[in-house]
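Colleague: Before we go through this together, could you set out the terms you will be using?

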Amino acid sequence: MAKAHQHHIKDTDSGIRSAQSIEEAVSVEKIPARTRWGEKRYYSLDCYMKETYGKKLYKIALDGGFTCPNRDGTLGYGGCLFCSSSGSGDFAGDRNLSVTSQLEAGKALLAKKYQGGGYIAYFQSYTGTYGPLSKLRKVFTEAIRHPDVEILSIATRPDCLPEEVLSLLQELSLEKPVWVELGLQTIHQKSADFIRRGYRLPVFEQAVKKLNNIGIPVIVHIILGLPSEDTEASLGTIRYLNALDIQGVKLQLLHILEGTDLADLYRRHPFPVMTLDEYLTLLGKCISSLRPDIVIHRFTGDGPKHLLVEPQWTADKRMVLNRIQSYLKSQDIWQGRSYINGRITHSL
């Protein structure tokens, strides 16, 4: 993300700042956030793209042929409890094809709604920085040098960012912007153990700091609706992220998918899953509490319908998105309303 990228370069020695120092550094205005973000009440990815690039960029999900330390025996063999057999890349390209072929196939799928702009090459499946450096260099370079790709985005684990990989990412970022998406899911150790995350919170914090230091924007994945977490626990994760130098967040409702250990557990020992109304209430509180300069890349999810066990209502993505927009409007909620006494801040 261009603005955040510049900020990081100027601030490489600061590391992860406290919530207080972030608040002190933010300029405050008294205009409604919804004026700044057009018709939306949150800082959407589309809004960020138009501000930064003057156009919409389309994401193409790729499979780089990676695996995961939580699958190959390094940490475990089953993956995270919720993770599907595709490594959470159920909509990614075919790993048997080259990166270029996957990009071209993705462009063809998007052709009907494409209205000009460019593409984000998104390595989504499994752990995107887990593999030999030579392989990482090959697939990332092929993606970033595609003439229609304007951003390289890589989903990975914070415990899979050794120094040589960070050096590669920094090198690539000199050609085009590079984003890293980190799967945090939760700050609460009980929940992290339940989902078999496989690393502790300081590992995540160090990864964020190292990425900050080389000017790579950080997007964090969190899961809402984990069985052991109530509203306050979820808001605790949001407040934690507010105090970190991150640029984006993906808010994902817990999905139970066929073929996962979570689905097996759910059938043996059913636990409550969120209704749409419950999710709207929780999501509204999270958005209201989220620092206003953090771009929201996603606030729902759409697992493949043929794999979806629960919640079944998430299968109708358009309905869910419409209900979210309607709920935010009816409750007069906007991103950051509950942050810094309800005042609105500009981007860092």
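Predicted model: local features only at pLDDT ≥ 70, side-chain atom pairs only at ≥ 80, totals over all residues.

Colleague: How many helices and strands does the chain have?

Modeller: Helices (H or I, at least four residues) and strands (E, at least two) are taken as DSSP runs and numbered from the N terminus. Counted in that way, the chain has 13 helices and 11 strands.

Colleague: Are α6 and α7 roughly parallel or roughly antiparallel to each other?

Modeller: Axes here are lines fitted to C-alpha atoms, for helices over the stretch in contact, and angles run from 0 to 180 degrees between N-to-C directions. Helix α6 (residues 133–144) packs against helix α7 (residues 163–173) at an angle of about 20 degrees, and their axes are 11 Å apart. The pair is therefore roughly parallel.

Colleague: How do the residues of the contact of α6 with α7 divide into nonpolar, polar and charged?

Modeller: With contact meaning heavy atoms within 4.5 Å, α6 contributes Leu133, Leu136, Arg137, Phe140, Thr141 and Ile144, and α7 contributes Glu164, Val165, Leu168, Leu169, Glu171 and Leu172. Ala, Val, Leu, Ile, Met, Phe, Trp, Tyr, Cys and Pro count as nonpolar, Asp, Glu, Lys and Arg as charged, and the others, Gly among them, as polar. The division is eight nonpolar, one polar and three charged.

Colleague: Does α5 pass α6 in a left-handed or a right-handed crossing?

Modeller: The axes of helix α5 (residues 99–110) and α6 come within 9 Å and cross at roughly 40 degrees, which makes α5 oblique to α6. A crossing is left-handed if the near helix is turned anticlockwise from the far one by less than a right angle, and right-handed if clockwise. For α5 passing α6, the crossing is right-handed.

Colleague: Which residues of α5 and α6 make the contact?

Modeller: The residues of the contact of α5 with α6 divide into four nonpolar, one polar and one charged. On the α6 side they are Val139, Glu142 and Ala143, and on the α5 side they are Val99, Thr100 and Leu103.

Colleague: What percentage of the 348 residues in the chain do buried residues make up?

Modeller: Buried means under 20% relative accessible area, exposed over 50%, and partly exposed in between (1.4 Å probe, protein chains only). Two cysteines fall in the buried class, because Cys47 has a relative accessible area of 14% and Cys286 is at 1%. Across the chain, buried residues make up 55%.

Colleague: How many disulfides does the structure hold?

Modeller: A disulfide is counted when a pair of cysteine sulfur atoms lies within 2.5 Å. By this criterion, the number of disulfides in the structure is zero.

Colleague: Which residues is Thr237 in contact with, leaving aside its neighbours within four places in sequence?

Modeller: Thr237 lies in helix α10 (residues 231–242) and counts as buried because its relative accessible area is 3%. Outside that sequence neighbourhood, its contacts are Thr186, Ile187, His188 and Ile222.

Colleague: How far apart in space are Gly118 and Lys107, C-alpha to C-alpha?

Modeller: Gly118 lies in strand β3, and it counts as buried because its relative accessibility is 2%. Not counting residues up to four places away in sequence, Gly118 touches Lys55, Lys56, Leu57, Tyr58, Asp148 and Glu150. Gly118 and Lys107 are 11 residues apart in sequence, and their C-alpha distance is 9.7 Å.

Colleague: What is the value of phi near which Tyr126 sits?

Modeller: Tyr126 lies in the loop between β3 (118–123) and α6, and it counts as buried because its relative accessibility is 19%. Its phi is positive in a residue other than glycine, near 60 degrees.

Colleague: Near what value is omega for the peptide bond from Glu310 to Pro311?

Modeller: Pro311 lies in the loop between β10 (308–310) and α13 (317–330). The peptide bond that joins Glu310 to Pro311 is cis, with omega near -10 degrees.

How values were computed. Residues numbered from 1 in each chain as written. Heavy atoms only, no water. Parallel < 35°, antiparallel > 145°, perpendicular 65-115°, else oblique.
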